[in-house]
Amino acid sequence: MEIERKFLIGGFPTALPLLEEAQVEQGYLAVHPVVRIRRKEKKGVVSYVLCFKGEGTLAREEIELPLDGPTFTRLSALLEAPFIRKAYKVYALPDGHRLEVSCVDDRFFYAEVEFASVEEANVFVPPDFLGRDITEVPGCSMGEYWVSRTFPFG
């Protein structure tokens, strides 16, 4: 079970310790339920993943399976829209959580914090710079963004 809260953020938080950075491309074979492919390049090493996500917002089932390059390429040909491109960075929050921040298609910044339990997620007090919590806002998922290439902020 994946448990995460999502936030809109104004940019990369340069005051936090940087743990990881990568370039990511992802596309969706389906969005209900989510079936996604992802290419991630980190320090010159490329990895590919096939991901299935169940229903839900704060908590939902997520299954990731590794792919090889040729299979990723074949699945890419099935996509009905271009890949989402992300500049992806992971930071250490002062409370020990990891903050994953993506600059999506050079248009907006989307942040996620993962938790071990729903209870932990519910008591998390986000730093002010995280901005609006969009975890439960309909349409504020990468799958929905991929379909429409718009992101509802209302």
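This chain has 3 helices and 9 strands, where helices (H or I, at least four residues) and strands (E, at least two) are DSSP runs numbered from the N terminus. What you're looking at is a predicted model, so local features need pLDDT of at least 70, side-chain atom pairs count only at pLDDT 80 or more, and totals for chains, interfaces and linings use all residues. Residues are numbered from 1 along each chain as its sequence is written, and side-chain values use heavy atoms, with hydrogens and water left out. Walk along the sequence and you get β-β-β-β-β-β-α-β-β-β-α-α.

**Overall build**

- A compact globule of 154 residues would have a radius of gyration near 15 Å, and the chain agrees, with 15 Å; the radius is taken over C-alpha atoms, and the globule rule is 2.2 Å times the number of residues to the power 0.38.
- The C-alpha trace spans about 40 × 35 × 30 Å along its principal axes.
- Some 42% of the 154 residues count as buried (buried is under 20% relative accessible area, exposed is over 50%, partly exposed is in between, using a 1.4 Å probe and protein chains only).
- Take the contacts with a separation of 6 or more: 58% of them are between residues 24 or more positions apart, a contact being heavy atoms within 4.5 Å.

**Surface and charge**

- The 9 strands make an open sheet in the order β5-β1-β9-β8-β7-β2-β3-β4-β6, with antiparallel pairing; two strands pair if DSSP finds at least two bridges between them.
- At the edges sit β5 (59-60) and β6 (62-67), each of which pairs on one side only.
- As background, strands of a sheet pair through backbone hydrogen bonds, either parallel or antiparallel.

**Strand pairs, one by one**

- β7 (residues 84-92) runs antiparallel to β2, and 8 bridges join the two; here Gln23 stands opposite Ala87 of β7.
- On to β2 (residues 18-31) and β3 (residues 34-42): they're antiparallel and joined by 8 bridges, and Gln26 has Arg38 in β3 as its bridge partner.
- β2 and β3 also form a hairpin, with 2 residues between them.
- β3 then pairs with β4 (residues 45-53), again in the antiparallel sense, over 9 bridges.
- β4 and β6 run antiparallel and are joined by 6 bridges, with Tyr48 standing opposite Leu67 in β6.

- For context, most residues other than glycine have a negative phi, and most peptide bonds are trans.
- The peptide bond joining His32 and Pro33 is cis, with omega about 0 degrees, and Pro33 is in the loop between β2 and β3.
- Lys43 isn't a glycine, yet its phi is positive, at about 50 degrees; the residue belongs to the hairpin of β3 and β4, which has 2 residues between the strands.
- Lys43 counts as exposed because its relative accessible area is 84%.
- Asp105 has a positive phi too, near 50 degrees, and isn't a glycine either; look for Asp105 in the loop between β8 (98-104) and β9 (108-114).
- With 23% relative accessibility, Asp105 counts as partly exposed.

**A loop residue between two helices**

- Val125 lies in the loop between α2 (118-123) and α3 (142-148).
- Val125 has 67% relative accessibility, so it counts as exposed.
- Val125 and Tyr110 are 15 residues apart along the chain, and their C-alpha atoms are separated by 17 Å.
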